[in-house]
Amino acid sequence: MRLLWRSLGSLCCAALLVSGCAQPDIARPQTPGGSAWAGRMALAVEGDARQSFSAFFILEGSTDHGNLRLSTPLGTVLAELVWSAEGAVLTSSQGDRRASSLDALLAEALGSPVPVEALFAWLHGEALQVAGWQADLSQLSAGRLQAVREAPPPRSTLRLVLDR
């Protein structure tokens with residue numbers, strides 16, 4: 001009997017460990033009048049104050065209006081950006097921050113500027129040119145996008161892996 005209880009205890013511990021490693025089920029959202037993407041995002045910024053950021057993301061809408069939610073692998077929301085013609089709001093553990101520019105709030109949330117208009121174009125497979133940025137869309141059909149900013153320094157690399 002003691003062996004049975006130990007076996008069941010070991011099985012429960014193993015199940016808890018495996019479930020702790022599971023990724024949240026992020027369904028591909030549907031946004032009326034806009035587009036939607038979900039997956040993983042990583043941003044690495046080189047230089048003296050080298051930094052990196054990675055999160056699961058859900059991006060919905062367009063450059064005119066939409067939202068971007070960033071979360072941990074366990075589903076905890078790190079930040080959410082919502083924007084429209086009236087402005088943009090960043091909600092995080094530090095509270096709400098409002099601005100007239102989505103680009104400024106996105107840079108604050110990610111730690112480096114990211115060209116929002118170009119990001120939407122790249123996700124649609126359009127090779128929109130942006131000063132200082134070079135996007136690699138060659139793996140987009142496989143759900144991967146990479147964009148590198150060389151100028152102005154420091155160099156930044158944005159990688160997206162889209163859920164299929």
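**Cavity and sheet**

Tutor: Helix 3 gives the largest share of the lining of the largest cavity, 3 residues; helices (H or I, at least four residues) and strands (E, at least two) are DSSP runs, numbered from the N terminus. This is a predicted model, in which local features need pLDDT of at least 70, side-chain atom pairs count only at pLDDT 80 or more, and totals for chains, interfaces and linings use all residues. Residues are numbered from 1 along each chain as its sequence is written, and side-chain values use heavy atoms, with hydrogens and water left out.

Student: Which residues line the largest cavity?

Tutor: A cavity is a set of points, on a 1 Å grid over the protein atoms alone, where a 1.4 Å probe fits but cannot get out, and lining residues have an atom within 4 Å of a point. Here the lining consists of Leu59, Leu68, Trp83, Leu102, Leu106, Val116, Leu119 and Phe120, and helix 2 and helix 3 (116-123) are the elements that give two or more residues to it.

Student: In what order do the strands of the sheet lie?

Tutor: Strands of a sheet pair through backbone hydrogen bonds, either parallel or antiparallel. Two strands pair if DSSP finds at least two bridges between them. In this model 9 strands form an open sheet in the order 6-5-4-3-2-1-9-8-7, with antiparallel pairing. Strand 6 (95-99) and strand 7 (133-136) each have a single partner strand, so one side of each is left without a neighbour in the sheet.

Student: How many bridges join strand 1 to strand 2?

Tutor: Strand 1 (residues 35-45) and strand 2 (residues 51-61) run antiparallel and are joined by 11 bridges; Leu43 has Phe53 of strand 2 as its bridge partner.

Conventions. 1 Å grid on protein atoms, 1.4 Å probe; cavity = no way out; pocket = protein on both sides within 12 Å on 5 of 7 lines; lining within 4 Å.
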